[in-house]
Amino acid sequence: MSAPVLSVRDVTIALPHGADREHAVEHISFDVNAGEILCLLGESGSGKSVISFSVMGLLPDNVRVASGEIRLGDVNLLSLTPTQLREIRGDDVAMIFQEPMTALNPVMTCGDQLDELLAEHTELSMSERKAKTLAMFEAVKLPEPERIFSSYPHQLSGGQRQRIMIAMALILEPKLLIADEPTTALDVTTQAEVLTLIKTLQRERGTAVLFITHDMGVVAEIADRVVVLQHGKQVEAGNKNQVLREPREAYTQMLIASVPGIEPPAERQTHAGSAVLAIKGLGKTYSSGGWFQKKRETVAARDVNLALRPGETVGIVGESGSGKSTVARCITRLIDPTMGEMMLGGTQLDTVHRDSLKLARKRIQIIFQDPYRSLDPRQRVGEAIIEGPLNFGVSREVAMARARELMSFVRLSPDVLSRYPNEFSGGQRQRISIARALALDPEVLICDEAVSALDVSVQAQVLKLLEEIQAKLNLSILFITHDLRVAAQICDRVIVMQKGLVVEEGATRDVFLSPQHAYTQRLLASAPGRGFEFHKAAA
Amino acid sequence: MNATFKRVLKNGAVRFGLIILSVLFFIALSAPILGTVDPAWLDAVNMNQKPMAQVDWTGPDNQTAPRTLIMGTDSFGRDIYSRVIYGARVSLTVGVTVAIVSLIIGTFFGLMAGYFRRVDAILMRVMDGMMAIPGILLAIALVAAWGARLSTVIIAIAVPEIPRVTRLVRSLVLSIREEPYIEAAVSIGTPTWKILLKHVLPNSIAPMIVQGTYVCASAILLEAILSFLGLGLPSEIPTWGNIMAEARVVFSSAPHNMWFPGVFLGLTVLAVNVLGDGLRDTLDPKFNKRGGAR
């Protein structure tokens, strides 16, 4: 076997004093060979991104490689001067980032950004550079390369921007490509396309790829070999099939067991009874423009029907822009729907005002996606939990006692009520958000991507908690998600939305096993790692 | 909260600003016991004395005694040291009061404009109009209309600052309003006034404190400018601007008359601004320095 393209040997990276741990990563060793994709798999805080930054020489000033060696071919990257490093970046090593919008220069056309790279690193003439750029756009399967060449990043879609990033990364034919969560910000169907693209280009060109991800599905889709990281330590390394199907270490087994299966469980109880929440013909149209602009209308959701029975979980599944969050926000009356009828028990939800709206709000509670932004950073968590009951005239003592109960209910210590949100992890904050919602004894709980921002192991715990709560309180849950695996496991029925319209609905098992609409079929086919039954592999 | 306070106090700029300002506040508060005389008292025998001159000084009690004139006297025979020390009272009062007044009013308008769209359209057009009038002209007009009193000067300087504070607070509120924790508060039935007071205001306080220091510094300067132009407080009240205005006439023969109040003015404004920069670095996450090797 030839020498590896990238060789990381026993690398330890030190964090500045006062950080939460002494080393970002400790004793990491791996090789990336030409023509192979190595995945660094880890949850947040595992140090996976720090490794990629150290290879690129992009570590912040106060973080440094304490020991070990990083070699690119025969060159020791750690001994290079900044000037030498700059030459290696682009020429020999290229990087793709998570968020293509922030990684591209917004005031330069896409063509110019590639042209600049070529002008800097090659001797080509202007017409040759343009020809090469257009050929590269063709290779990353961008439609109408000529038009894209003179477009600005904001005029393109997220998937197209990520293709531009890939084109920029590969145009100088680097030996090593570092991809740091390149598909995390993309929709599943786009993600599937971009993953296929990276894989095809990499095979054609024999590029070595260091692929950083937290998503087991993506690993299953793209990796040749996997390195699993936890809290900066290398837990396990090996071939994809070995690591995913026969994980040796307990941590890897736990991770893989946490990935929800895409096949819905067979037994799902059916829920009878009259609907708690019934929605007919709900629609929301945004109109923008005012004194000086032309009036524009955007249809965010149209003709949505939905019935939610006591104790039932209904999922709304869709990609970004499908209108699923709009529906959630209409139901909670955070925005007012432009048409349709919403009935909550006997209350006409879409027309209530002031005091009766306040009473209706108490019965529908919402949990948001981002655990870092859904709690007021300057409010103690106890105050956050009792704020709702206080609004409804409950006395402080009673509310506080209830808050302590709720904290134990969501498996947190009641003694931490006097702390501020920044002292909690993402999963703990989401539990606090759940406690805050439950403090009002709602009948309907709306989870707007409530587990999407969480690590997979934490996600599994929060989902389990939600199921327990539902069983105990006979709550109806409206679960809004883009993650088909989560929907498959938790929902009794699902509604699939695309561009503001409901394209398919039915019992979860029916929709997942025999999708009728073309879009649902495409969505299901795009789910990464379909071939792997993670939870079975680990059992 | 305590941790934030400690972090702020660790900042060198904050320490520098705080130390200088506390010394100035101490001087202003204890002016009568710092060896001063009535700043309006004139001893006609000792006119235009140089700094550190040893003279026989006739005080307000008509007793004549030897005295060292640390900063000399002006052309009326008034003790410049006493006038400068008492002048600190005016400058600091004006600076702090203007900052507080314009912050309170501007914050109120900013909260309204940022949170309620309808109020926004009207209120911000009014503020745009106020921004179009040069601050110093507006101040001159107000003082001319209402007469030169301390309260007038404070209002005259505070009014042009209000639109600036309003704009800042409005922009903060506009982004905070979109935060999920505000939506969460709405959905648990929190009334709007409570959302504004308990969630929006506490989360916009840090940039407001920073803005307050800049308002304070510019108010101190503007007060001095108004006094210097003869549009501020009457000349018998010692303010740094008044002292400098009177010194202008005798500048070639007695430059120290201008020099001492000027140094105090510069030092005060510098200290307030340095304090503001330090607070901005420590309190405002947007300006956090990132140690990147890029």
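Let's start with strand S11 of chain A, residues 277-288, which is joined to strand S12 of chain A by 9 bridges, with the two running antiparallel. Strands here are DSSP runs of E with at least two residues, helices are runs of H or I with at least four, and both are numbered from the N terminus. Two strands pair if DSSP finds at least two bridges between them. Within this pair, A:Leu282 stands opposite A:Val304 in S12(A).

Before I go on, a word on what we are looking at: this is a predicted model, where local features need pLDDT of at least 70 and side-chain atom pairs count only at pLDDT 80 or more, while totals for chains, interfaces and linings use all residues. Residues are numbered from 1 along each chain as its sequence is written, and chains are lettered from A and ligands numbered from 1 in the order in which they are written.

Back to our strands. They belong to an open sheet of 4 strands in chain A, in the order S12-S11-S14-S15, with antiparallel pairing. Which strands stand at the edges? Those are S12 (296-308) and S15 (347-348) of chain A; each has a single partner strand, so one side of each is left without a neighbour in the sheet.

Next, a hairpin. A:Met497 stands opposite A:Val502 in S20(A). The hairpin has 2 residues between its strands. One residue to look at in that loop between S19 and S20 is A:Lys499, which has a positive phi of about 45° although it is not a glycine. A:Lys499 counts as partly exposed because it has 15 C-beta neighbours inside 10 Å. On this scale, 20 or more other C-beta atoms within 10 Å of a residue's own make it buried, 12 or fewer make it exposed, and anything in between is partly exposed, with C-beta atoms placed from the backbone.

A:Asp10 also has a positive phi, of about 50°, without being a glycine. You'll find A:Asp10 in strand S1 of chain A, residues 6-14. With 11 C-beta neighbours inside 10 Å, A:Asp10 counts as exposed.

Now let's step back to the domains. Chain A is assigned domain 1 (6-258) and domain 2 (277-538); such bounds come from an automatic or database domain assignment. Their centres, taken over C-alpha atoms, are separated by 34 Å. Across the boundary, 23 residues of domain 1 of chain A are in contact with 20 residues of domain 2 of chain A, where contact means C-beta atoms, placed from the backbone, within 7 Å. Which helix gives the largest share of the domain 1 side? That is H11(A), with 6 residues. By class, this side divides into 11 nonpolar, 7 polar and 5 charged residues. Ala, Val, Leu, Ile, Met, Phe, Trp, Tyr, Cys and Pro count as nonpolar, Asp, Glu, Lys and Arg as charged, and the others, Gly among them, as polar.

Finally, the two chains together. How many residues of chain A are in contact with chain B? There are 26, and they meet 18 residues of chain B. Helix H13 (354-363), strand S16 (364-367) and helix H14 (381-391) of chain A are the elements giving two or more residues to this side. The chain A side divides into 10 nonpolar, 6 polar and 10 charged residues.

Conventions. Contact = placed C-beta atoms within 7 Å.
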